Amino acid sequence: MRLQLATLVSSQWRTPPNTLAEYTINQVNYLDFFDISFVDGFNVPMDFSPTGSCASRIRCTADISGQCPNELKAPDDYNNTCKAFKTDKYYCNSGNFGPTNYSKFFKERCPDVYSYTNDDETSTFTCPRGTNYRVVFCPEATTFSP
């Protein structure tokens, strides 16, 4: 397995808001699991794609920063609900909860992106072990109208 990963320099590295490319390699049934996550916020559009025959592709090029609800806005980014509201109401630490109005807002714009803590069913993708992947930061944008 080879993962081509560009380097994106950020003065806020490890500090939300961050768009995450997440992956585990050669897991259950010899599958790779991967996703793009907005759970920690958003700071850059991303494409996370296998380069071989596996058809699972995750891409978000929507204008998230420009359309972000005011209460979640951060300079040039959007915060996750935990950082913005500082409460467990949005399932910051644990629990088995469903989507919120905020996660639905982002899910409408980027349907394949992990948008809340338990969003596995629609946002975790698999490919066979040995698949190669490509992560692209700031891919060419596509148009979205809610």
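1. β4 and strand β9 (residues 133-137) pair in the antiparallel sense over 5 bridges. Two strands are said to pair if DSSP finds at least two bridges between them. Strands are DSSP runs of E with at least two residues, and helices are runs of H or I with at least four residues, both numbered from the N terminus. Within this pairing, D47 stands opposite V136 in β9.

2. This is a predicted model, in which local features need pLDDT of at least 70 and side-chain atom pairs count only at pLDDT 80 or more, while totals for chains, interfaces and linings use all residues. Residues are numbered from 1 along each chain as its sequence is written, and side-chain values use heavy atoms, with hydrogens and water left out.

3. β4 also pairs with β5; the two run antiparallel and are joined by 3 bridges. One of the contacts to note involves F48, whose bridge partner in β5 is I58.

4. Is β4 buried or exposed? Of its 5 residues, 5 are buried, so β4 is largely enclosed by the rest of the structure. Buried means under 20% relative accessible area, exposed means over 50%, and partly exposed is in between (1.4 Å probe, protein chains only). In a regular strand the side chains alternate between the two faces of the sheet. In β4, M46, F48 and P50 point one way, D47 and S49 point the other way, and all are buried.

5. The side chains of R57 and D47 meet in a salt bridge at 2.7 Å, N to O. R57 lies in the loop between β4 (46-50) and β5 (58-60) and D47 lies in strand β4, so this pair ties together parts that are 10 residues apart in sequence. A salt bridge is a side-chain nitrogen of Lys or Arg within 4 Å of a carboxyl oxygen of Asp or Glu. R57 is partly exposed, at 43% relative accessible area, whereas D47 is buried, at 1%.

6. D47 has another salt bridge, with the side chain of R59, at 2.8 Å from N to O. R59 is in strand β5 and D47 in strand β4, so the pair ties together parts that are 12 residues apart in sequence. R59 counts as partly exposed, with 26% relative accessibility.

7. How many salt bridges are there by this rule? The count comes to 4. Among them is the one between the side chains of E108 and R109, at 3.2 Å, N to O. E108 is partly exposed, with a relative accessible area of 47%, and R109 counts as buried at 12%. Salt bridges that share partners join D47, R57 and R59 into one network.

8. An open sheet is formed by 3 strands in the order β2-β3-β8, with antiparallel pairing. Its edge strands are β2 (20-24) and β8 (125-128), each of which pairs on one side only. From one strand to the next the twist averages 25°. For such angles, axes are lines fitted to C-alpha atoms (for helices, over the stretch in contact), and the angles run from 0 to 180 degrees between N-to-C directions.

9. Strand β3 (residues 31-37) and β8 run antiparallel and are joined by 4 bridges. Which residue of β8 is the bridge partner of L31? The partner is P128.
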